[in-house]
Amino acid sequence: VRISWDEATDLIAKELRRVIKEYGPSAILAQIDGHGEGKVVHSPHGCSMRLLDLLGGYTMQVRNPDSWEGWYWGAKHMWGGEPFGLMDNPTNLYSDVAKNSDMLLFWGCDPTTNTRGFGPGDMASRFSYWYKELGIKQIYICPDLNYGAAVHGDKWIPILPNTDAALQLSIAYIWITEDSYDKEYIESHSVGFDKFKDYVLGREDGIAKTPQWASKKTTVPVRIIKALARQWAKKRT
């Protein structure tokens with residue numbers, strides 16, 4: 001039976017009070033895991049925690065950091081971060097980026113609205129202000145002119161949704177044909193590069209993944225693709 005929002009909230013409030021009165025606040029199970037980007041009711045640090053605190057407490061189920069397991073444990077061994085291996089927005093990385101980068105590439109993301117779930121949501125955006133002061137160029141590739149691109153971006157490259165792979169392949173085409181990629185790194189850190197190279201150059205399927213080919217799929221102009229690839233290869237990105 002369809003009911004109004006007012007009726008729904010009254011029903012939920014009534015049941016919460018009933019369960020707490022009969023069984024105690026620990027009988028309220030708050031399954032409020034999930035990432036915190038939304039900053040809404042579902043977040044463990046959002047409205048639900050505060051409201052249930054005011055009702056006397058609750059039992060909280062929050063999942064393990066399964067979606068960032070790599071850096072959760074990697075940070076423990078690579079950066080320190082004892083005793084739990086959990087560093088807040090891998091803090092040391094910000095310093096490394098500031099010291100060793102000429103250009104930052106934000107591909108399909110917004111450092112303000114796509115932040116890490118359990119950390120301070122606006123820190124990435126604050127750091128973007130500081131990177132700008134340091135003269136580090138920031139390039140945004142995304143269909144929409146999001147907040148980060150509008151406020152921090154030195155260059156916004158709009159792209160049709162779901163055509164990112166075409167743009168990436170055309171960038172690789174420029175690097176391969178202009179011999180501007182890091183061969184030593186490829187040799188020591190990759191497997192199957194020869195097959196990838198054959199695909200990019202069109203030896204496998206007869207279609208060279210040129211900027212002209214990618215431009216038709218992505219709507220990104222050929223000159224922009226070439227400029228991005230060359231800047232990326234030239235600068236520490």
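**View 1. Cys109 in the predicted model.** At 25% relative accessibility, Cys109 is partly exposed, a class between buried (under 20% relative accessible area) and exposed (over 50%), with a 1.4 Å probe and protein chains only. This is a predicted model, in which local features need pLDDT of at least 70 and side-chain atom pairs count only at pLDDT 80 or more, while totals for chains, interfaces and linings use all residues. Residues are numbered from 1 along each chain as its sequence is written, and side-chain values use heavy atoms, with hydrogens and water left out.

**View 2. Cys109 and Cys142.** Cys142 is buried, with a relative accessible area of 1%. Its sulfur lies 7.8 Å from that of Cys109, the closest cysteine sulfur, which is too far for a bond. The count of disulfides (pairs of cysteine sulfur atoms within 2.5 Å) is zero.

**View 3. The largest nonpolar core.** A nonpolar core is a set of buried Ala, Val, Leu, Ile, Met, Phe, Trp, Tyr and Cys residues joined through side-chain atoms within 4.5 Å. The largest one has 23 residues, of which Ile141, Ile157, Leu167, Val200, Val220 and Leu228 touch the most other members. At least two residues each come from β4 (137-141), α7 (164-177), α9 (193-201), α10 (211-218) and α11 (222-234). Helices (H or I, at least four residues) and strands (E, at least two) are DSSP runs numbered from the N terminus. With eight residues, α7 gives the most to this core.

**View 4. Around Ile157.** Beyond its neighbours within four places in sequence, Ile157 is in contact (heavy atoms within 4.5 Å) with Ile139, Tyr140, Ile141, Cys142, Val220, Ile224 and Leu228. Another core, of nine residues, lies apart from the largest one and includes Leu104, Ile136, Tyr140 and Cys142.
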